[in-house]
Amino acid sequence: MPHSKLSGKLVHEATKHSYLSVQMNPNYVDASTQPRAFKVYPQFYRRLQLNSNNSTHAFIKLTSTITFEKIYKNVPYQLRVNPSAGALYPTEVYIQIRDVDGFINGIYHLEIENNCLTLIYELGDDGLESYILPNNRINGFIFLVSSVYHRSSWKYQDRSIRYCFLDSGHHLGSIAASAYLHEKNIKLIFDFDKLSLNADLGFENKEFISSCVISGEVQAKPVRRLRLSIPFVCGTDYFQVNQFVEDAYKATSMQPSHQQKLDHPQFNFHRQRFLENVWNRRSIRRFQKQSISQEIYWRIWENIHKPIPTENIEEIEIYAVVHRVEGIIPGIYNGRNLIQSGEFPEKTGYLCINQALAKDCAVTLFFVSDYKNYQTALQLAGFIGQRVYLFSNYWGIDCSGIGAFYDDEAQEFLRTNKDVLYVMAIGK
Ligand SMILES: Cc1cc2nc3c(=O)[nH]c(=O)nc-3n(C[C@H](O)[C@H](O)[C@H](O)COP(=O)(O)O)c2cc1C
């Protein structure tokens, strides 16, 4: 179907899992054919090594850095501050830096593998502002989050479009966490001219931008579009087209999101402990069916619901299926309201494609939305998901994102007409 006929609802519909679809298409892949997860620009570009003793460098590094390395069955794994569906890491980050001491005004690619910034474009009277906030100039930082989609579609095929956007949302959450720790104000932007920007950044059909974060002083002053286009560099070592993913991206890039007034969250974390927590964040692989305290559960709940600093919004409603929280009646809750009491661990385990995580945890969270813009909604689900990880881990609770679930059956179970976008499990 051409992208002009697609919509967020149709993309969601076309990428649903059901008991039958999972049996018929179990996503087996030969691990040795995994596309490379690190993009590297050619050697001739100028590079700036990030030095953790410099606070601006540390701010940039912490948005994306590798935090854990292991070798499993002779394959090296490099895990990062941000989680990623299947650890495939489709997301990349580009940063425009203007009028910041120690930096040439330019657009940089954050080369995560080598912990450096690669200067891919020097600014003149042009810049990214003209695509994002026309007639404004930003003295400071503009982060762009993109997806090299083949890293994910290699395994997850059409459903990978969801994971690219959820992962982008998690990456935005990592940028927000680093900004919090480095005392920078940020604003997330989802509605802008992404298609022109992809073309001018030389992404061809192989990489696409999904969102942007600005941090700096905004001046009313026009900036021109990029005067030169940037050469194409492939983010993987090989590429296979997925026409559905490309069409779904374009279709979900056009529709404006809901709008709200900008509001900034206030958090009171102990900064050193929070920093350690960002470095140590991990997905739990197995829960021990232990209860968690009610006080900590509500603390996590309250903090994940703090304002998201953006004017482009889609409401994400969270259903909590409580299995093991001290003093709380087990059952299905919409927010804090009990809809149906009962013991549902077997059911939530089944709904998440029989993953024990969703059965043995203390609470299974279902994120649902009645969105205008599907791309924005999935990214906001991922952004809140990153808060769930960081805040749970901060208070000693384990967590995992769950992107694989039976869509229609999950919706029926929750008795909602809204689409289920994401599931998370928290517990001990
Ligand atoms: C969008 C998304 C979906 C995920 N889905 C699952 C899942 O269905 N099952 C699972 O065990 N882990 C899932 N994970 C967790 C990833 O496997 C994990 O993030 C990755 O292996 C990297 O490990 P780390 O989070 O410890 O850094 C998901 C993570 C994300 C961000």
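1. Let's start with the ligand in this predicted model. The ligand is surrounded by 23 residues, counting a residue as near when one of its heavy atoms lies within 4 Å of the molecule. The closest are Arg-281, Arg-282, Ser-283, Arg-285 and Gln-355. By type, the shell divides into eleven nonpolar, eight polar and four charged residues; here Ala, Val, Leu, Ile, Met, Phe, Trp, Tyr, Cys and Pro are nonpolar, Asp, Glu, Lys and Arg are charged, and the others, Gly among them, are polar.

2. The backbone takes part through Ser-84, where a polar atom is 3.2 Å from a ligand oxygen. A polar contact is a pair of N or O atoms within 3.5 Å; within protein, one must be able to donate a hydrogen and the other to accept it, and residues adjacent in sequence count only if both atoms are side-chain atoms.

3. Taken alone, the ligand exposes 610 Å², and the protein buries 89% of that (Shrake-Rupley areas with a 1.4 Å probe; for residues, only the protein chains shown count as cover). The elements giving two or more residues to the shell are α6 and β16 (398-402). Helices (H or I, at least four residues) and strands (E, at least two) are DSSP runs, numbered from the N terminus.

4. A word on conventions. Residues are numbered from 1 along each chain as its sequence is written, and side-chain values use heavy atoms, leaving out hydrogens and water. Because the model is predicted, local features need pLDDT of at least 70 and side-chain atom pairs count only at pLDDT 80 or more, while totals for chains, interfaces and linings use all residues.

5. Helix α8 (residues 243-254) deserves a look. Its twelve residues reach 18 Å from first C-alpha to last, close to the expected 16 Å (1.5 Å times one less than the number of residues). Nine of the twelve residues in α8 are buried, meaning under 20% relative accessible area, with exposed over 50% and partly exposed in between (1.4 Å probe, protein chains only). Those buried residues pack against α1 (8-14), α6 (160-181), α7 (194-200), β9 (208-220) and α13 (374-394). At the start of α8, a side-chain oxygen of Asn-242 comes within 3.0 Å of the backbone nitrogen of Phe-244.

6. At its start, a side-chain oxygen of Asn-54 reaches to within 2.9 Å of the backbone nitrogen of Thr-56.

7. Thr-310 lies in the loop between α10 (294-304) and β11 (312-313) and is buried, at 0% relative accessible area. A polar atom of the Thr-310 side chain is 3.1 Å from the backbone nitrogen of Asn-312. Not counting residues up to four places away in sequence, Thr-310 touches Leu-188, Phe-190, Gln-260, Lys-261 and Leu-262 (contact means heavy atoms within 4.5 Å).

8. Finally, two backbone angles to check. Glu-183 has a positive phi of about 55° although it is not a glycine; Glu-183 lies in the loop between α6 and β8 (187-189) and counts as exposed at 64% relative accessibility. Glu-204, in the loop between α7 and β9, has a positive phi of about 50° and is not a glycine either.
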